[in-house]
Amino acid sequence: MPTVSPRGDRKPPDELERARLWLAGHGLGEIPPTAALARRLAVRQSCRLAGSLLLAGFILAVALVYTVSNDPATDPSGPSLPPSASLLLLTAVVAGLVAVQALLDRRVRRIDRQVAAALPRRAAHPVRVGWRAVLGRPRAALVAGTFAGAAALTAGALTSADPGVRYGAAVVLIALCGVAAVVLVQLRHVLTRPAVADDEASLTADVILRIEDARETATPTMVWCLPWYLPTAAAPGTAFGWWTVSWIVLIVVGAVVLVAANLADHRRGGLAAAHRERLVNP
């Protein structure tokens, strides 16, 4: 049965309780939960779940496209899809990934606009919330370094004399470009969308939502989960172990940087404290 929040909004009790817990978890327990915040949290939760399923499907699709590819001239007994056709198919899969992710982002934006339209007045951030505010330098370096490292490793595999290795690297490179496009589209939305707030409390909550959205996007989980083993699998029995070792080092270093950044946020008192500190020292 719907209930009434301290600010007079009607929302199912479970969603308001989720908003209350979210506020308390960010050190904002003194702020009463609202239906607007509950609605914004609910749409993000459902879209993140859909995004996780989309990622799992994308990884399976990349591996499947690679598996069904075969050169009939060298292996007439295998699948008949030539490498050029499979790369085109993978490009279509990547385009589908970007399109579906854009639809998920569009759903979040639509709910934000509806919430903003229902506000009695609009508040704006006193200082521009840029990439350093939502990501922070360590996470920005993490995402840039991860993509640069993955691209460099893939480029190295593309120089191999083994056509199988080059094909596996081409598969990884196309998938990597798709993931980069998704990250750029999402970050652009996070950095350019207007604030959805009507007072100081909701403005702080809006900044934290923006930070969470950006950091969820910038965490290089998709790169780490790509079928990075494909060039190695394409060269069985060859001395191509440097690829596996290098990619594992890339993942381990990235995980260490991510944990260090999270611990630093925790020591500063969480996202709300960091936001207030930026307002004092922009």
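**Close-up 1. Arg 210 and Asp 206 are both buried.** Buried here means under 20% relative accessible area, exposed over 50%, and partly exposed in between (1.4 Å probe, protein chains only). The side chains of Arg 210 and Asp 206 meet in a salt bridge at 3.3 Å, N to O; the term stands for a side-chain nitrogen of Lys or Arg within 4 Å of a carboxyl oxygen of Asp or Glu. Because they sit four residues apart in helix α7, about one helical turn separates Arg 210 and Asp 206. Helices are DSSP runs (H or I, at least four residues), numbered from the N terminus.

This is a predicted model, in which local features need pLDDT of at least 70 and side-chain atom pairs count only at pLDDT 80 or more, while totals for chains, interfaces and linings use all residues. Residues are numbered from 1 along each chain as its sequence is written, and side-chain values use heavy atoms, leaving out hydrogens and water.

**Close-up 2. Asp 206 also forms a salt bridge with Arg 40 (3.0 Å, N to O).** Asp 206 belongs to helix α7 (residues 200-218) and Arg 40 to helix α2 (residues 35-68), so the pair ties together parts 166 residues apart in sequence. Both Asp 206 and Arg 40 are buried.

**Close-up 3. Here the side chains of Arg 48 and Asp 213 meet in a salt bridge (2.7 Å, N to O).** This pair links Arg 48 in helix α2 with Asp 213 in helix α7, 165 residues apart. Arg 48 is partly exposed, at 29% relative accessibility, whereas Asp 213 is buried, at 10%.

Conventions: Helices (H or I, at least four residues) and strands (E, at least two) are DSSP runs, numbered from the N terminus.
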